[in-house]
Amino acid sequence: MKDKKLQTKDLIMAGVFAVLYVALICILASLTGMLIPVYLVLPLIAGVILGPVYTLYLSKVPKMGAVLILSVLAGFVMSASSIMVLVYVVALGIIAQVILSKTNYSEQGIRWSYIVFACATEGPFLSLFFAREGFLNTCVQYYGQEYADKIDAATPMWFLLVQIGLALIGGYIGGRIGVAMNAKHFKKAGIA
Amino acid sequence: MFNEFSFQGEAFFKIDPRTKLLIFILCSFDALRESRTVYQSMLFIVMFALLINGRQFAYAMKMLVVYGVMCGIDLLVLYVALPEGVKLLLVGIRVFRMFLPVLMAFALMIKTTKVSEFLAAFEKMHFPEEITIPFSVMFRFFPTIGEEWDNIRNAMRFRGFDWNLKNLLTRPGLLFECTIVPLLSNTVVIADELSAASLCRGLGAKTGRSSMCEVRMGILDVALIGISLYLTIVSFSAY
């Protein structure tokens, strides 16, 4: 009989996987931090690498609220630059939860929900965008409208969309790898 | 690197965890709305004082140096004639300066609060178990993951397959698989053991839990909440 409610065991599992999720993001960011071009495609790389973590977590804890807990914890740590990141990540978690509930935690469903959740790695970049608004406002006061326009043009908005696109692609690839890895390693070892 | 996420020392004057949380939230709104140097410096000074209060001397000094250098660059842009392109690049540094107070508020929250204090505060705010248990597990677990990571790298080195640039470029897939598979399976095993241990200690029992540490709002907390609310109001009246 399958228990639908989260037990203490599941909550501990959630905490452990959240650490893994956050630690991998930290390692990636510090490895790629020195190379700016690589850093800017971080959502793609992170999406691929975190895929197995996400899929294994959900096949261990296929219950209502599991993704939400992951999103709250990961969002909390990623919110080091702005609390809005937490709101963004939790919103993604809610969407992922809806997809999972609709698809009844099938492999297909986990993969689709991960495509959404992979956008969470975009969070830290998003806070740059929030800061930009306030910054441009004060730029007008300091240097005048002309200068503010120049800065506006130098930091194009569409780049954010490109990054989200990259995160989606990363989510697709990562989900595929995760499901494959589950079948290849973890089911055999009896831990998936 | 993972020590960053842990409690590091007792403060001179204790501040309630809830106050720290509020300061972080307000600060992250203020700092990103308002980038005038006077206002940013005010935020910086408040955070600096709080970090010193929490005995985070080294961290606070590091931040002071970073902030000083960034302000110096700012003056350079204002008063020295530079090519337009360089100027544009240097102005970008101001954006990163805006994040410093927020980062410091976050460090204040993480480094000067014990996990059990956090939990006691969460319980007082009636947070559900679904958040408090994973939260406490998370903070206990950062060092463990660091250890596992080192052990896996050692094991890979034994077999002549290290994390270096050559392997990263020629066999990235294999490198990734050889790291993530043991990392994930170890994690699952450790989680199972941890949950067995904590069930023995009565976690997840239906009755309420008691706590050794007291969290209480004092005069200092009221004063700090007042200051941060004042700073928020100033940032809203700026335009």
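Across the interface of domain 1 of chain B and domain 2 of chain B there is one residue pair in polar contact, with both residues at pLDDT 80 or more; a polar contact is a pair of N or O atoms within 3.5 Å, where within protein one must be able to donate a hydrogen and the other to accept it, and residues adjacent in sequence count only if both atoms are side-chain atoms. This is a predicted model, in which local features need pLDDT of at least 70 and side-chain atom pairs count only at pLDDT 80 or more, while totals for chains, interfaces and linings use all residues. Residues are numbered from 1 along each chain as its sequence is written, chains are lettered from A and ligands numbered from 1 in the order in which they are written, and side-chain values use heavy atoms, with hydrogens and water left out.

The domain assignment of chain B, with bounds from an automatic or database assignment, gives domain 1 (8-114 + 216-236) and domain 2 (118-200). Between them, domain 1 of chain B and domain 2 of chain B bury about 580 Å², 78% of it on carbon and sulfur atoms, where buried area is the accessible area (1.4 Å probe) that two parts lose on being put together, summed over both. Pro17(B), Arg18(B) and Ile110(B) supply 59% of the area that domain 1 of chain B buries against domain 2 of chain B, more than any other three residues.

No salt bridges are found across this interface of domain 1 of chain B and domain 2 of chain B, a salt bridge being a side-chain nitrogen of Lys or Arg within 4 Å of a carboxyl oxygen of Asp or Glu. Over all chains, however, the count comes to eight salt bridges, and the table gives some of them.

| Glu107(A) | Lys187(A) | 3.3 Å |

Glu117(B) is buried, with a relative accessible area of 6%, whereas Lys14(B) is partly exposed at 49% (buried means under 20% relative accessible area, exposed over 50%, partly exposed in between, with a 1.4 Å probe and protein chains only).
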